[in-house]
Amino acid sequence: MKNSWIVIYDNSASTTIVFVSDTITEVCGWTPEELLGQPGSELIHPEDQLNLLKMHTVNIVKERMATMVSYRFLRKDRSYITVESIINYCYNLLIVANYIYDENGLDHRMRVNTVDEVFICQPGGALKLAGAWNERKENVLRIIKTAQLWGGNMSFSSEKRFCLILNRFTDLLYIVYATDMIEELVSLPISEVVGQSIFDFVNEHDIPALKAHIDMAKEHSLVARLRFDWVIDRKSSLSEPMEGIVTSTDDGIVMVLRLSPRLIMPRSKKYC
């Protein structure tokens, strides 16, 4: 049985659904067409909705690449299933890889060890921070307690990122979905990216490492960190250094990328 799928939400207060992959039907009964354009918040158990909003506020403030949270998700028969989601904050979108929750499973434990933070929505409405690896726990808890909750109209500066979804069933990992920000960051319109192999845009010396990271993500549905040069024009050797994360579901491989920060060294002073 398949047990993982992809949902993409916009960054509005209601988190409107803009993309859903097919396995949600097998797990939850919904067809993708039934959910497109619907408020994602309505699919969350009422006790968990505020906690997910608090966690989302942390993601916005800290611009996390990969946060994991477990919560109750509504099935079409009106029952709830506990899922764990890896949430990738991607400029004006939330890219979410969803898995049936199994706290004793090996893949779950490996995901726990590869994300930035782990939250658990507990029965009764409590939110537990189960782990934080790139930030002190007390700092994350302070943001949860004191930050203005995200309402969709807050003013903030968002790092530019784009998302790709890759066909996991092909060796060349063809791109089947791309978000708009790709054009601004690497000067390629979506129409010239979708249908191409991800390796068409990767510097040759980076391909073996990239393949290894993607294979690791596919095997255990964990988060792998990436760094490689995105080729814009091979003939002129024009490329952009990128970094990001990759994870995998039954329906495809999720990749969220940003430009690598450029280190600017101060000019050394010359002394006579």
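This is a predicted model: local features need pLDDT of at least 70, side-chain atom pairs count only at pLDDT 80 or more; totals for chains, interfaces and linings use all residues.

Modeller: The structure holds 4 aromatic pairs.

Biologist: Why is the pair of Trp-5 and Phe-73 called edge-to-face?

Modeller: The ring centres of Trp-5 and Phe-73 are 6.3 Å apart, and a pair needs centres within 6.5 Å. Their planes stand at 65°, and planes over 60 degrees apart count as edge-to-face. Therefore the pair is edge-to-face. Trp-5 belongs to strand 1 (residues 4–10) and Phe-73 to strand 3 (residues 67–74), 68 residues apart, and the pair links these distant parts of the chain.

Biologist: Are Trp-5 and Phe-73 buried or exposed, and how do you know?

Modeller: Buried means under 20% relative accessible area. Trp-5 has 0% relative accessibility, so it counts as buried. Phe-73 has a relative accessible area of 1%, so Phe-73 is buried.

Biologist: What makes the pair of Phe-19 and Tyr-177 tilted?

Modeller: The centres of Phe-19 and Tyr-177 lie 4.8 Å apart, with the planes at 50°. Planes under 30 degrees apart would be stacked and those over 60 edge-to-face, the rest being tilted. At 50°, the pair is therefore tilted. Phe-19 is in strand 2 (residues 17–20) and Tyr-177 in strand 9 (residues 175–178), so the pair ties together parts 158 residues apart in sequence.

Biologist: Which residues form one aromatic cluster?

Modeller: The cluster is made of Phe-162, Phe-201 and Trp-230.

Biologist: How do you know that the charged end of Lys-211 sits over the ring of Phe-199?

Modeller: The distance from the charged end of Lys-211 to the ring centre of Phe-199 is 5.3 Å, and the limit is within 6 Å, along with an angle within 35 degrees of the ring normal. Lys-211 is placed over the ring. Arg-168 lies over the face of Phe-169, at 5.9 Å from the ring centre.

Biologist: What makes strand 5 a partner of strand 1 and strand 4?

Modeller: Again the requirement is at least two bridges. Strand 1 and strand 5 run antiparallel with 7 bridges, and Val-7 faces Val-96 in strand 5. Strand 4 (residues 80–90) pairs with strand 5 over 8 bridges, also in the antiparallel sense. Cys-90 stands opposite Leu-93 in that pairing. The hairpin of strand 4 and strand 5 has 2 residues between the strands, and Tyr-91 takes a positive phi near 60° in it.

Biologist: Why is Arg-78 called exposed, and what is its phi?

Modeller: Exposed means over 50% relative accessible area. Arg-78 has 56% relative accessibility, so it counts as exposed. Its phi is positive, about 75°, although Arg-78 is not a glycine. Most residues other than glycine have a negative phi. Arg-78 is in the loop between strand 3 and strand 4, a hairpin with 5 residues between the strands.

Biologist: Is Leu-173 buried or exposed, and how do you know?

Modeller: The cut-off for buried is under 20%. Leu-173 has a relative accessible area of 5%, so Leu-173 is buried. Leu-173 is not a glycine, yet has a positive phi of about 50°, and its place is in the loop between strand 8 (162–166) and strand 9.

Biologist: What lines the largest pocket, and how is its lining divided by class?

Modeller: The largest pocket has about 350 Å³ of space and 18 lining residues, with Thr-15, Ile-44, Leu-52, Leu-53 and Leu-94 nearest its centre. Helix 3 (46–62) and strand 5 are the elements that give two or more residues to the lining. Helix 3 gives the most, with 6 residues. By class, the lining has 12 nonpolar, 6 polar and no charged residues.

Conventions. Residues are numbered from 1 along each chain as its sequence is written. Side-chain values use heavy atoms; hydrogens and water are left out. Rings of Phe, Tyr and Trp (its six-membered ring) pair if their centres lie within 6.5 Å; planes under 30 degrees apart count as stacked, over 60 as edge-to-face and the rest as tilted. Helices (H or I, at least four residues) and strands (E, at least two) are DSSP runs, numbered from the N terminus. Buried means under 20% relative accessible area, exposed over 50%, partly exposed in between (1.4 Å probe, protein chains only). On a 1 Å grid over the protein atoms alone, a cavity is a set of points where a 1.4 Å probe fits but cannot get out, and a pocket is an open set with protein on both sides within 12 Å along at least five of seven lines; lining residues have an atom within 4 Å of a point. Grid points are joined across faces, edges and corners, and a volume is the space filled by probe spheres set on the points. Ala, Val, Leu, Ile, Met, Phe, Trp, Tyr, Cys and Pro count as nonpolar, Asp, Glu, Lys and Arg as charged, and the others, Gly among them, as polar.
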